[in-house]
Amino acid sequence: MATSSLVIVESPAKAKTIGKYLGPGYQVKACMGHLRDLPKSTLGVDIENDFQPNYRPIKGKEDIISDLKKAAKSSDVVYLATDPDREGEAISWHLKELLNLDDSKALRVTFNEITKRVVSESIAAPRDIDQSLVDAQQARRILDRIVGYQLSPLLWKKIRRGLSAGRVQSVATRMVCEREHEIAAFKPQEYWSLDARLSTDGTEKNAFLAHYHGENGKKKDLNSIEEVEAVVEAVKNAAFAVKSVKRQDKQRSPSPPFTTSTLQQEASRKLSMTPRRTMAIAQQLYEGVDISGEGAVGLITYMRTDSLRLSDEALAAVRGFIQGRYGGGYCPASPRVYKTKAGAQDAHEAIRPSDVNLTPEQVKKDLTPDQYRLYRLIWSRFVACQMSNAVYDSVSMEAEAAGHAFRASASSLKFSGYTAVYEEGKDEEKGEEKEAKLPPLTEGQRLESLGFAQDQHFTQPPARYTDASLIRAMEENGIGRPSTYAPTVSTILDREYVVKDGKYLRATPLGEVVNGLMEDKFSDIVDTGFTANMEKALDDVEGGGKQWRDLLREFYAPFKAELDQAEKDLDGVRLKVPAEESDEVCEVCGRQMVIKSGRFGRFLACPGYPECTFTMPLVVAMPGRCPKCGGRLMKRTGTSKKTNKQYTYYCCEHMTARNEEKKCDFMTWDVPVAEDCPVCGQTMFKKAGKGFKKPFCINEKCENFTPEDKRGGWKKKEAAGSAEDGEKSK
């Protein structure tokens, strides 16, 4: 073994964890990500010289480069141990070039999980840098640089400064815009539901609801009140009888282990984490966390993956854990194998805990709340994916009267299986109807009708995308790769092409204008098929089947022609972004206020500028009324000057009023609810945060008043400290 070995990783946390496993014979240093890249101020790509990149050391990282050069010079071997993906391979290649390392001295190692076993095995079996992986990353980097640096100036000139276009972000923006168009064009269709309340003996004790199904053995939709009344008229005096009863066990299988995409989706649904936040926390769990009695431990496997593959060692460990904790009945006879979707790179395992025996409860005290919640999600999903099916006792029946069929069903959990650990969330909170229990029924049994319930409904437009559903749609369409989902969603939000309404993504007028220009002049760039094919071409480069310069040549010629034509077509044209009107009225001149963007984000401004300069924070109307003046209650956000973090508070709409007679100083950290106090009639509030919070009355003169210390949530001292910080930040 070499007498002196240097291991270079990307972050100090990773360096600490790996250093603990390797011991004193190795020096482990962090490069803090890329040390060399294309220059920011220029294109940095010599297109005339066959797309030759002009890489330069990144400003501000001179000390790191100098320190690594010194350490490399005094080492016999340098292990380049950056992340196991294209980006990590490229960082290692740049390090080799920057540090002037010979092929014999520069050894590449990767860790799918940062555990003592994997680190030791990887160090013992290094390899050369994979140039195909590096070339694929170079091709992507140069493609994105060309599109961004040659298209963005056109947007600056024709719309406004500070805009950007990109190969993936522009397609994601188009998807959100198209969903808005679908919603706007949607025409609701009327339909009706009809329920019969049936009973086996004419009493409510043995009554149940049956839903109308159809007539004469065929399913029939009820589209008008006349059709509903015709059915009711036909069956109200007719005899109901049970036509069929079916009893069976229904089984539900667990979801597969997490990939990058599904982790981001589930963290968004269950933990309300943005994709960017999810990946930042996952990176911390992968690189290592200090665990009591253990030191730095890498808790999960590498989190950028599109594979559902699991190692034999991991499967053996989790099956042993399931049998030990839950019993043999919860462990299937053989391991579950999940098929990775076609087109996936399958470079790494699915995301799983490095050691399944480190349960979330064991490490909770050593983790931050977000680290704990995400680790628990990953751990639970992995354990559940290797557990037995959940079994439900299902009963369904069909009753008939005058040729019209009504159906009812019920199910109860017979064997919990994997649901003892985990159940997958849903994108849309439609609220599944809870099936009531059915009384004992037999075929031919007579039933009595206790009445009918009818409801009018209208078909709903497609829902706007959420973070989770947009990432799923991108993955399904082959847009981007695991490493790009989170940055793409963040970029279109940062550029304000898209904003969030609650958890939903909505295209802004700016996003519509930019997307319109892109669709008109650069149809290839925003075409989902073209972008997906480009991702496949990059995969071909990675696999060694295509040269990266060939890919760039094929792309650039038609792109340059489109760019030149757009410049000609738009000569002298300036596209106007329509004002985004709000429901708020200017308190000075009475005009309808519009939403503007500034260096601190979006805000409300009077459109009468410069005659009227009134502005106010962007607000969201809340239920209830101000307890002081009866005005509307608003949700507002501010930014702390101490921590630069955003906070949310609730206040009266007249808090910023210029008219002193109208001004109101009501402000609270508690959330107003639609429910009024049953005693005094004032609006009630609840504590902020996830989960159920009981509403309380804040009227001290009311006998239903709830003192601060009995409201739950933060302690009064903590709340006061937060309020003070918030007040200073306004």
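Rings of Phe, Tyr and Trp (its six-membered ring) pair if their centres lie within 6.5 Å; planes under 30 degrees apart count as stacked, over 60 as edge-to-face and the rest as tilted. The structure holds 17 such aromatic pairs. The model is predicted: local features need pLDDT of at least 70, side-chain atom pairs count only at pLDDT 80 or more, and totals for chains, interfaces and linings use all residues. Residues are numbered from 1 along each chain as its sequence is written, and side-chain values use heavy atoms, with hydrogens and water left out.

**Aromatic pairs**

- F240 and F406 form an edge-to-face pair, with 5.7 Å from centre to centre and 65° between the planes.
- This pair links distant parts of the chain: F240 lies in strand β12 (residues 240-252) and F406 in strand β16 (residues 404-415), 166 residues apart. Strands (E, at least two residues) and helices (H or I, at least four) are DSSP runs, numbered from the N terminus.
- Both F240 and F406 are buried, where buried means under 20% relative accessible area, exposed over 50% and partly exposed in between (1.4 Å probe, protein chains only).
- The ring centres of Y647 and W669 are 5.7 Å apart and the planes stand at 65°, so this pair is edge-to-face.
- Y647 belongs to strand β26 (residues 646-652), while W669 sits in the loop between β27 (667-668) and β28 (671-676), 22 residues apart.
- Y647 is buried at a relative accessible area of 12%, and W669 is buried at 16%.
- A cluster linked by ring pairs consists of F51, F522, F530, F555, Y556 and F559.

**Helix packing**

- Helix α3 (residues 86-98) packs against helix α5 (residues 131-158) at an angle of about 100°, and their axes are 8 Å apart. Axes are lines fitted to C-alpha atoms, for helices over the stretch in contact, and angles run from 0 to 180 degrees between N-to-C directions.
- On the α3 side, the contact (heavy atoms within 4.5 Å) is made by R86, E87, E89, A90 and W93.
- On the α5 side, the contact residues include L133, V134 and R140.

**Sheet**

- The order β20-β21-β22-β23 describes an open sheet of 4 strands with antiparallel pairing; two strands pair if DSSP finds at least two bridges between them.
- β20 (580-585) and β23 (615-617) are the edge strands, each pairing on one side only.
- Neighbouring strands of this sheet are turned by 45° against each other on average, direction ignored.
- β20 and the antiparallel strand β21 (residues 592-598) are joined by 3 bridges.
- V585 has Q592 in β21 as its bridge partner.
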